[in-house]
Each structure stands twice: as structure tokens, then as C-alpha cells.
Amino acid sequence: RRGGSRPSCRPCRVAMVEGDGCHRVARAHRKALLGRRFTATSPNGRFKTGAAAIAAAGGVLLRIEVHGKNLFYFFGHAGGQPSVVVHIHFGMAGRFGAFKDTEPEVTANTRLRLESEADSTRKLPWVVAHLSAMTVKHGSVDKLYEPMLRRLGPDPLREDAAPEFFLARCAGARKSIGLALMDQSFIAGVGNIYRSETLYQAGIHPEQPANTLTAKELMKLWNIIVRDMQDGFRLGSIWGKKKGPQCYGREKSACGGAVRSWTMGGRNVFACSRRQVLDLGRDPVVQAGGKAAVAPGTAHIGEIVPAAAAEAKKRRTGEGLAIQHVALKDDDTLAGAKAAAVKTRPGAASWALASPKARAKAKARAKGKAKTPTTPMKAAAAPAVGTPPKAAFGKSLRGGTGAVAAGATAGRPAPTAFKRPLNGAPARPAACTPQGPAAKRRRAAV
């Protein structure tokens with residue numbers, strides 16, 4: 001906005017669901033879904049075997065774990081050990097909603113539907129969950145879950161996160177710290193936005209080699225990441241307590257320095273020329289440990305801002321829902337989306353909530369109406385006497401034998417005059433007629 005107090009930002013792409021968003025989904029589902037027996041189906045047919053495996057295992061959701069951007073839902077029999085684990089990675093546009101009032105229509109992307117009937121003895125209401133995600137796999141705990149854990153680095157939002165592991169990985173890495181933060185084997189859960197924002201706050205250039213940073217610098221960066229992701233988890237906004245981005249997507253950073261953007265690891269990264277200075281002359285250093293000033297995890301965080309309230313704030317501030325994709329959905333977010341659609345465009349809410357079949361019918365009706373002209377078309381001017389129809393023009397230039405029109409249509413200039421075809425060849429405009437000596441001799445002989 002011109003003349004406003006908002007920072008001047010470049011257009012930002014839709015961001016992948018980062019670790020704090022995944023932990024928000026887990027927190028909500030531990031309350032709404034954990035311990036319940038589900039009937040599992042795959043509406044789009046892409047997770048049929050997984051749905052069947054959930055049913056065969058007993059269908060009871062026994063445990064939910066999050067490691068970075070990866071969620072794991074464990075199913076088995078009540079009171080027993082889980083025998084099937086479902087691995088979920090949302091990607092750019094995944095979502096996992098639990099609904100107790102009204103079930104929305106499934107879409108072509110709904111890979112898993114879970115339904116649990118009401119239980120009067122346990123005072124549990126009916127609930128249904130819809131999952132759409134880039135990755136939905138199933139397997140056993142020892143063959144799917146445990147091998148994945150060994151490949152992932154510490155998650156700042158887990159109580160068992162060990163910053164020493166992050167420091168050790170950086171000490172032995174020649175890659176830049178910007179690439180290290182996006183490598184989930186170094187630290188799990190940090191995405192593109194958090195990368196730019198936390199490096200800006202730490203005053204570290206994204207291209208700085210990871211093994212040239214001291215333990216103090218790395219521990220400062222770790223503490224910033226933990227604090228920012230905990231704020232994002234609690235408030236439902238990737239900006240946390242800040243009003244907006246400090247560096248990401250901006251032309252000038254919060255400190256007034258010019259922001260440069262380039263591609264790093266396939267994603268846009270942003271850095272402040274004033275605050276983040278690259279020093280390639282530094283030698284690798286031996287890490288000497290460090291102390292975490294911020295406790296990792298989310299167990300000590302009390303109530304979190306509900307998903308619907310977080311989405312409403314995004315709409316009010318103009319951030320929208322595309323800067324950081326929101327994967328957590330429920331009855332309140334569904335109602336909020338409907339109300340927002342009605343406010344911005346009448347009829348938009350019913351369109352947004354309509355089934356794919358209803359949308360297709362509406363599009364077909366609109367297409368049929370568009371074909372009916374509302375005003376009479378202007379008649380084309382009659383072609384000159386002795387000239388063939390203009391429709392033959394394109395065909396003759398493509399090698400056909402039809403004649404070419406020379407008349408003009410209403411509002412358009414008359415086409416170029418055409419000469420008589422040579423030796424039965426298709427007619428061509430005068431401007432296209434060969435003008436060399438040989439061509440002139442052939443024309444003279446005809």
C-alpha cells in the first residue's frame with residue numbers, strides 16, 4: 001500500500017506447511033481424534049491399501065507424532081500396540097480437517113476419510129476427518145517410522161530436540177548455512193520463510209559456510225528458531241508476535257537495509273545487505289558446545305490460538321492464507337471461509353462449498369448462456385465483384401487450391417491484392433510474389 005505503514009513487499013509465493021503448522025494439527029487432533037475407532041476409506045482411490053491396512057489393524061488411533069514437517073498417525077487395537085503407521089507430508093497445499101457438525105464435500109485430492117460414530121458411554125460426538133496431502137504412506141513402525149527418524153535432525157518443537165546434534169552437523173558441513181537449514185537431516189521443521197527470517201535476526205548471511213560459524217553464533221541461531229517457531233505454533237501465524245516479515249519478501253528490511261533475493265536450493269532466499277554480511281575469508285572452526293537459552297518443545301505452551309481465529313486475523317491484516325499455508329481445518333474454519341466468501345463476493349460461499357459435480361453443472365450452464373449473442377453482429381462488407389470468399393484465404397496460403405478473397409470485412413482493411421496463380425499453383429499476394437530474374441522470365445512466358 002502506498003502511504004501506509006505496511007512494509008513494501010515483493011509478491012510472495014505460496015509457502016509449504018512448516019513445522020509449527022504440523023504441530024498445530026497434531027495438538028488439535030490429539031484432542032479430537034486420539035483414542036477413537038475409525039472407519040477408513042479413500043475417496044479418490046489413491047490410498048485404498050492404506051485405508052484397508054488401518055481397518056485390518058483395528059482402526060483405533062493410538063498415537064500421533066510430529067517430526068519437522070512429517071506427521072505420523074499410529075493405528076491398532078484398543079489397549080494394544082500400533083501395527084500400522086501413516087506418514088503424512090502436506091507439501092504446498094495439503095490439509096487435515098476434523099469436523100463434528102457438518103461434513104464438507106470430499107474433493108479429487110481427498111486421499112483419506114476417517115469416520116467415528118458417536119459414543120454415548122464416553123460422551124464422544126460423531127466426527128469425520130478429511131486428509132489431502134502430497135505424501136500419504138503407510139507401513140509398520142520398524143520399517144517406516146524408525147528409519148525416517150534416523151534420517152531427520154532435531155525438531156525445535158519437540159521436547160527431545162538436541163541442539164548439540166545441529167551444531168555437530170554444521171561443524172562438519174561445507175555447505176552454506178542457508179542450505180543447511182533447509183536440509184531436514186540438520187534440523188527438522190524449518191522452511192523457506194523461517195530460513196530467511198531467522199538468519200536475518202541472527203545477522204548471518206545465507207551463503208556463509210556452516211562450518212565457519214562459531215558455536216555461539218549457531219546457538220544464537222538455534223534459540224531464535226525455537227522462539228520464532230514456538231510463537232508461530234501458539235499464535236497460528238508464521239510472523240509470531242511481529243506485525244509482518246522483517247526481511248522475507250521485502251525490498252527493504254526492518255532495519256532499512258536493501259534486501260537482495262536469489263534462488264538457493266530451488267527456493268527464493270532473502271538477505272539484508274546491511275545486517276547480513278558474507279565473509280568467505282573465515283576459516284572452519286571447531287565447535288565447543290553451547291547452551292540453549294530457550295527450552296525446545298510445545299508441552300509447556302498452554303492454550304493456542306484456534307485455527308479459525310488465526311485465519312480471521314490473516315484476512316483482517318491482508319496477509320491472506322497463501323503466505324503460510326494453513327493445514328489445520330475444522331468446523332469453525334469452514335464457517336469462517338463461508339462468511340469471508342459471502343462478504344467479498346455474493347454467491348462465492350456456495351460456490352466454494354459446492355461439490356465438484358455441482359460446479360461442473362454450473363459451468364456448463366454458464367457456457368451455454370455465453371454462446372447466445374445479446375446484440376446482433378455487424379454484417380461484413382460484401383466482397384468485390386468477381387472475388388472469391390475470404391474464407392479460402394488461409395487454405396490457399398497453406399497450399400490448397402482454393403481462390404483467395406480480396407474483399408474487406410467490416411472494421412478491417414481489405415487484404416492484399418492477389419496475382420494470377422502460376423502453372424496451377426495456389427494464389428499468393430503480390431507482396432509474396434518472387435521478384436528475381438528467373439521468376440520474371442517465367443511470368444513473361446505465361
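Analyst: A salt bridge is counted where a side-chain nitrogen of Lys or Arg lies within 4 Å of a carboxyl oxygen of Asp or Glu. The model is predicted, so local features need pLDDT of at least 70 and side-chain atom pairs count only at pLDDT 80 or more, while totals for chains, interfaces and linings use all residues. Residues are numbered from 1 along each chain as its sequence is written, and side-chain values use heavy atoms, with hydrogens and water left out.

Searching the whole structure gives nine salt bridges. One of them joins Arg282 to Glu217, with 2.8 Å between the closest N and O atoms. Arg282 belongs to the loop between strand 10 (267–272) and helix 8 (307–317), and Glu217 to helix 7 (residues 215–235), so this pair ties together parts that are 65 residues apart in sequence. Helices (H or I, at least four residues) and strands (E, at least two) are DSSP runs, numbered from the N terminus. Arg282 is partly exposed at 26% relative accessibility, and Glu217 is partly exposed at 25%; buried means under 20% relative accessible area, exposed over 50%, and partly exposed in between (1.4 Å probe, protein chains only).

A further salt bridge pairs Arg113 with Glu103, the closest N and O atoms being 2.7 Å apart. Arg113 sits in strand 6 (residues 112–116) and Glu103 in the loop between strand 5 (95–99) and strand 6, 10 residues apart. Arg113 counts as buried, at 17% relative accessibility, whereas Glu103 is partly exposed at 29%. Arg113 also forms a salt bridge with Glu115, where the closest N and O atoms are 3.0 Å apart.
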